[in-house]
Amino acid sequence: MKKQLLHVFRNTPFGREVLMQSAYFCRKTDTLLRVYIPRFRQFLMYFQHEIATIELDKSFLRDPQTAQEHAEQIIRSEGLKPSFLTPKRYTASTLPDIPIDFDYMTCPRSISDLSTRISLGHLGPKVRVIIRNAHFPVLIPTPVYKQWNSITVFFGGSRNARKAMRVGAELARVTGMPLYVFTQAEGRPRQYYERSLVEGGFEDLLKNKSFEWMFFEKGKVRINFYQVPHDSLVIVGAYGHGMIKEVLFGSFMEEVQTVLPNNMVIVGPEVAM
Amino acid sequence: MLTIDNAAKLLGMPKTTVMRWVRQGKLPTREVNNQPMIPQEELIRWARKRNIFLHRDMLPPARKRSSKPESLSSVVERGGIFFNVKGRTPTEVLKRSAQLVPLSPEIDKSFIADLLIQREKLASTGIGKGVAIPHPRYPLESLEVPALITTCFLAEPVDFKAIDGKPVFVLFVLLSSTTKLHLHYLSRLSFCLREPKFVGMLSRCKEPADLLSSLREMETSMDDA
Amino acid sequence: MLRYLNKLNERLQLIFIAVVVGIFAAMASVALNRGLVMVFEWLSHFRSHWYAFVFPALGAALSSIFLHYVAKDYGGHGVPEVIYSISRRGGLLRLRSSYSRLVACLLTIASGGSAGPEAPVVISGASIGSNIGTFFRLKDRQRIVTVGCGAAAAIAAIFNAPVTGIVFTLEAIVGEWSPTHLIPVSIASVVATEVSRIMQGNQIPFESRLFHISYWDLAACIGLAVLAALVSIILMRLLRHLSGSFKHLPGLPWMRAAVGGIIVGLMGLILPQVLGEGYEVIRTIIEEEFSSGILLAGVILAAKMAATAFTIGSGGSGGLFAPCLVVGSLTGLFFHQILATALPAVNWAGQSYFGLLGMAGVISGVLQAPMTGVFLVVEITGSYQVLLSVVLVAVISVTVSQFFEPSSVYHQELIARGELVKPRTDRHILSNLNMVEILETDCHVVRPAMRLKQLVDIVQRSHRNYFPVEDPDSGDFLGMVYLDDIRSYLFDPYLQDTVLVEQVMERNIESVSLDEDLERVFEIFDRTGAWSLPVVQDGKFLGLISKATILDHYRKELLVNEDT
């Protein structure tokens, strides 16, 4: 069955770039692009343990007359068929419920605050709520349209990193792009990471050397990040170690999203293995 | 503990359905490492209460159930060998024999007797040469063990209306959890009974050890063949 | 502790959580109650001034501004949202709902808007219940129970009426009387009542005296019931009508609320009885101190209904319980005045008695929940001796009201959206199943240019009677080949080589998409008489759904839903 990506369209130049990113992703991965053009300031996503109330910033509702037309243009220019999502359910008459049975969702770095705050190192609170709850990976594109030609998975050996690996391997398979794996050994031997890969069911990849392993035993992560190709789609797992440690020490995902300007796919804790 | 995948196979339902049931709290669930797992025993109890069929052979080899069935002799050993079982009609001896089946005390043995008698009414299980292999009509899914055979030498021969008309002097009560095992042991037993040597041994048999050793011997020749 | 709790038996676990929910929901109720009294007293110093008529407008506007800009809660009045959450969303409610309506309704009511504190308290309590349930990592089925606990606790605490809380929740919110619900809900209700009694004393809000009820009174009950039903129908229609027309007004929501508020404020200038929750009116009627003629009673009744409809219809925040009670007591009063004038010779049981019955009649008629009306009235007036008449009025009122308005105010909106799914119904089961689960993907796809001979090969390997045809280039779905249609010439060797699949396939086939509701799918099944339908999304064939598979899943779903 064809996979589906959910995109919330905003009818602004910035929104155009973001939609172009989604369209590029969908074309490369043969995914169906489903676009929601908001009609209300809020929508709800009923996740398993939490309702995410997404307050959109005002620019999402701008000029609704041309929104559909603009979106169609962008989608067709990537050679895809437009498919729009109309919410079927409403919690209240001005509060639509957006379904969650997608395989990916595109979020700009911030969805609720003004779209000017799209700098690196900032992920809006609502985007975090989605990442924390969604069973699908979230695509966070660069603010300006940028194509990517390879996939880089950040692999730190944890369970969540294995999820990221699975997503990355799958994307590399469908796109036919080269796969890189970035590992910063935090004092652990290489065997540890190899064993984790085997446990995660990536034995074949490891044996056939289907990916190029950027394995760093030395140096600071932030400096080694420079080795990540600029035109690579970065896959990173979020919230691998339990919330308290994350809050205190920050997570690897935060590190990545603060430093790397690449297109990113964040694999949250609820994504199935 | 079963993963969602295994539980889905066991229930014969798509994974999405099982995941929804877990979310809705309809299935007994435990969280292990933040992943929902389903305790196997609770699931079995849960399914039985609701009359939901489980595809038991889909179970993962949790209890190390080897793919090759156990040998005939060990199944016979498990079932026990009894001598001098009294009774004058098939029903009587079946009732007695059922009481001898070594199952945990909670299990109502008369239930097993009923199953055997029911089957006997359909057609005789006497397969000739004075031997009968009583068994229930359906495999006993709830059986604690894969299979067992309880051997009962009768105090006096009983007319089972066997194919060759000969009165029966020994019963092999065969209980199994799947049809596959049932057929397996049935065919093995009948192979043995085709050997005059084995039948001769049966008619002389006084000690359990005699039967078991003879069975082991037969089985090695069967496996070699 | 969390881990320990999770090991407990499911029922014990729910009982424990019910206690926690009861305490918190009761505190929310008490806080609102205290807040109302405080703000009301503070405002009463200014009420005598000429500009007092703008208070309701100000309050309504502030309440709307608070909802939209501070709490950012775009939800409606509350109770329908709770019912929706229970019926479709596994009891999930947003945390912000636990306080947003409380503040909003405090502003609306204390400033004089004609509404009651119950609906806000219900959604707050329900949201507290839902979030506590989520905190304890409950699953949907159990969380629904904790939502019910929260709602029951809130009602119980605010009216000091435990049984009403239980009955209202089971009758109007959960819609199901099963032991799994009854026990935790009752416990939460009792705990909440106790907490509220500790914090603000055990008072019966409207204590009534003893009545001497004659057969005449019982006979009159029937007339009152019919009148109460009519009043409830008018009130419901007025509400619906006004909220409809206010939605079409231009301007921001808070401006609309202010317009409604001004109208209510102006009414209040002439008839101050219509302002606020209006419990003072009920008290004077129950204590037989309300002196007015038929005409005045009628006018106040009409004005109160209009004020309520304007307050709530314009977007003010508040519930219907209190206005219904006031309208009901006025209805009773009005009816009593008519009786007393028409048949002065009879020694009637008094305006208190009829006021009380009127309350039960209107509340049952509007909520279409007779037991809730009965227990509410009996508990808040402490008069169990009138139980018989109250039941009579409530039941007749519901019957008449249902004749004109088939569903209650709470359900109307949900029914219009098709979102009301009563537990243990066919719809409930169908709504659980979704298309992905029943999709059969083990189909052999054929191409239009295939010869019949090749098709025969595929037929031999397949166990199905239907074969989807796809365009080899675009992958688009073109149609289906039905084995039944071609069986007769399938084995004709001459035809096998000359006929192509595209010549025998059916092109105009109804298909369904993945996000279709199963109910709709069944409509198509019924209409076309088909046994299975292709599922097509964006032109691509995804699989088949067939009645046989649905039956299998349907049955499993029924079995799984059984409580044992």
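Which residues does Phe168(C) touch, not counting residues up to four places away in sequence? Phe168(C) touches Val122(C), Ile155(C), Ile173(C), Phe321(C), Leu367(C), Thr372(C) and Tyr410(C), where contact means heavy atoms within 4.5 Å.

## Basis of the model

This is a predicted model, in which local features need pLDDT of at least 70 and side-chain atom pairs count only at pLDDT 80 or more, while totals for chains, interfaces and linings use all residues. Residues are numbered from 1 along each chain as its sequence is written, chains are lettered from A and ligands numbered from 1 in the order in which they are written, and side-chain values use heavy atoms, with hydrogens and water left out.

## Nonpolar cores

A nonpolar core is a set of buried Ala, Val, Leu, Ile, Met, Phe, Trp, Tyr and Cys residues joined through side-chain atoms within 4.5 Å. Buried means under 20% relative accessible area, exposed over 50%, and partly exposed in between (1.4 Å probe, protein chains only). In the largest core, of 131 residues, the members that touch the most others are Phe159(C), Phe168(C), Ile173(C), Phe321(C) and Leu330(C). Helix α7 (residues 140-159) of chain C gives the largest share of this core, 12 residues. Helices (H or I, at least four residues) and strands (E, at least two) are DSSP runs, numbered from the N terminus.

Another core lies apart from this one and has 44 residues, including Cys26(A), Ile151(A), Ala161(A) and Tyr193(A).

## Where chain C meets chain A

Chain C and chain A each bring 28 residues to their contact. The area buried between them is about 2,400 Å², with 48% from carbon and sulfur atoms; buried area is the accessible area (1.4 Å probe) that two parts lose on being put together, summed over both.

Two salt bridges are counted between chain C and chain A, a salt bridge being a side-chain nitrogen of Lys or Arg within 4 Å of a carboxyl oxygen of Asp or Glu. Arg96(C) and Glu55(A) form a salt bridge through their side chains (2.8 Å, N to O). On the side of chain C that touches chain A, α4 (79-88), α18 (409-417) and β4 (540-546) of chain C give two or more residues. The largest share, three residues, is from α4(C).

## Helix α4 of chain C

10 of the 10 residues of α4(C) are buried, so this helix is largely enclosed by the rest of the structure. Among them are Val79(C), Glu81(C), Tyr84(C) and Arg88(C). Just after α4(C), Gly90(C) has a positive phi of about 55°.
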